[in-house]
Amino acid sequence: MGLIDILTNQASWLLSYAVPFLFVLTVVVFFHELGHFLVARWCGVAVKVFSIGFGREIFGFNDRHGTRWRVAWIPLGGYVKFVGDENAASVPDQASMKDMTEREKAGNFHLKPLPKRAAVVAAGPIANFILAVAIFAFTFTFIGQRITPALVDAVTPGSAAEKSGFQPGDLILRIDGQKIDNFGEMQRIVSTSPGRTLEFVVQRNDREVTMTAIPDRKEIIDRFGNKMNLGLLGVRRSTSADDWVLQRYDPLTALWKGVEETYFVIERTLSYLGDVIIGKEAADQLGGPLRIAQVSGQVATAGFVALLHLAAVLSVSIGLLNLFPIPLLDGGHLLFYAIEAVRGRPLSDRALEIGFRIGFAMVLMLMIFATWNDLNHFGSLFGNL
């Protein structure tokens, strides 16, 4: 293979991953920062910079309020910088306080009442959740989903389903008290619950039967070669086209289903993290930018709707991550504000400095760990890069 062919292949590979990755991440980051920005404006906080990406500016402009809107070279996040901030992490700039004019003090984020500061900080993650709900609702309304009743047509011999007493013809009604409307909902709960005891209520003939089952943990390799540990129950549904329908929902129902979908992602994410902490799950599923890039490229091959779904899931994840009580993150600021509310006065500058340093170390360690997982899982991807 000649040098031109190698360069062409590498460029094609890079574009197939980079473009979907930048699209997904930019949309999610933009809405997160837009949440901070809009509530800040509403609360009378002056915004100096609205940046997508970090580092040197590629292009930008100033709006009539004096905010610099910019796109930077490192597309791994973004930030909104307020008057009174020392840096992108919204660390208070104590040195500049003395020289501020009355007008600047009026727009200073750190001089605003506690409820307004908390609202501005919480607005970013909330915007992420709203974006996810909107994307899910849009797809449920205009795209719809292919569904089939949660009917058991066959039971795999030796599976968790057979051991628990499932029979062909069973219609799954509820799992752990949650109503099941279709086979896909059942699959999703089971696949994210390997090794967990689940209570199933099924309709068998004219009566309801309650059973418990523990989905088997299986390593599955998808069509892209990714390895995943999923839960398998061992029941199958007919693949006949007549058994499947395309279901679309009215806007209000779709909105509610979007809320349910967002809640499901939050609940399962927290459940997985809890299992990692207690040692029931391995932490190798935690990924960073490399894995997001690869998954974005792979999902893009399934179409734009699938990429939108990924953006919704990633939006929930980023919103949830930012609520963790780690200094530098939104949750860390909210933790400081909660302490301030209890004490009746802000923490000292020294305490804030120590907290932000601890937070920086924790975030750095998390990034290193996630990147290490990426390199272990996608060594071939790193080699291509």
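**Close-up 1. Asn205 in the loop between β7 and β8.** Asn205 is found in the loop that runs between strand β7 (198-204) and strand β8 (207-213), where strands (E, at least two residues) and helices (H or I, at least four residues) are DSSP runs numbered from the N terminus. The model shown here and in the other views is predicted, so that local features need pLDDT of at least 70 and side-chain atom pairs count only at pLDDT 80 or more, while totals for chains, interfaces and linings use all residues. Residues are numbered from 1 along each chain as its sequence is written, and side-chain values use heavy atoms, with hydrogens and water left out. Although Asn205 is not a glycine, it has a positive phi of about 60 degrees. Most residues other than glycine have a negative phi. Asn205 counts as exposed because its relative accessibility is 65%, the terms being buried for under 20% relative accessible area, exposed for over 50% and partly exposed in between (1.4 Å probe, protein chains only).

**Close-up 2. Leu328 in the loop between α9 and α10.** Leu328 has its place in the loop between helix α9 and helix α10 (330-343). The phi of Leu328 is near 90 degrees, which is a positive value in a residue other than glycine. With a relative accessible area of 23%, Leu328 is partly exposed.

Close-up 3. The structure holds 13 salt bridges, a salt bridge being a side-chain nitrogen of Lys or Arg within 4 Å of a carboxyl oxygen of Asp or Glu. One of them is formed by Glu57 and Arg68, whose closest N and O atoms are 2.5 Å apart. This pair links distant parts of the chain, with Glu57 in strand β1 and Arg68 in strand β2, eleven residues apart. The side chains of Arg70 and Glu57 also meet in a salt bridge, at 3.4 Å from N to O. Because Arg70 lies in strand β2 and Glu57 in strand β1, the pair ties together parts that are 13 residues apart in sequence. Glu57 is partly exposed, with a relative accessible area of 27%, and Arg68 counts as partly exposed at 26% relative accessibility, whereas Arg70 counts as buried at 11%.

Close-up 4. Arg357 and Glu353 both lie in helix α11 (residues 349-377), where they are four residues apart, about one turn of the helix. Their side chains meet in a salt bridge, with a distance of 2.7 Å from N to O. Arg357 is exposed, with a relative accessible area of 55%, while Glu353 counts as partly exposed at 33% relative accessibility. Elsewhere, salt bridges that share partners join Glu57, Arg68 and Arg70 into one network.

**Close-up 5. The nonpolar surface patch on β1 and β2.** Ile58, Phe59, Trp73, Ile74 and Leu76 make a nonpolar surface patch of about 540 Å². The elements that give two or more residues to this patch are β1 (47-62) and β2 (68-82), and β2 gives the most, with three residues. Patches are made of residues with over 30% relative accessible area and no salt bridge, with like charges joined within 9 Å and nonpolar side chains (Val, Leu, Ile, Met, Phe, Trp, Tyr) within 5 Å; accessible areas come from the Shrake-Rupley method with a 1.4 Å probe, and for residues only the protein chains shown count as cover. Ile58 lies in strand β1 and is partly exposed, with a relative accessible area of 40%.

Close-up 6. Helix α4 and helix α9 pack at an angle of about 155 degrees, with their axes 8 Å apart. That makes α4 roughly antiparallel to α9, given that angles under 35 degrees count as roughly parallel, over 145 as roughly antiparallel, 65 to 115 as roughly perpendicular and the rest as oblique. Axes are lines fitted to C-alpha atoms, for helices over the stretch in contact, and angles run from 0 to 180 degrees between N-to-C directions. The axes of α7 (residues 251-278) and α9 (residues 304-322) come within 10 Å and cross at roughly 55 degrees, and α7 and α9 are therefore oblique to each other.

**Close-up 7. Val133 and Gly258.** Val133 is found in helix α4 (residues 114-143) and counts as buried at 14% relative accessibility. Val133 and Gly258 are 125 residues apart in sequence, and their C-alpha atoms are 4.5 Å apart in space.
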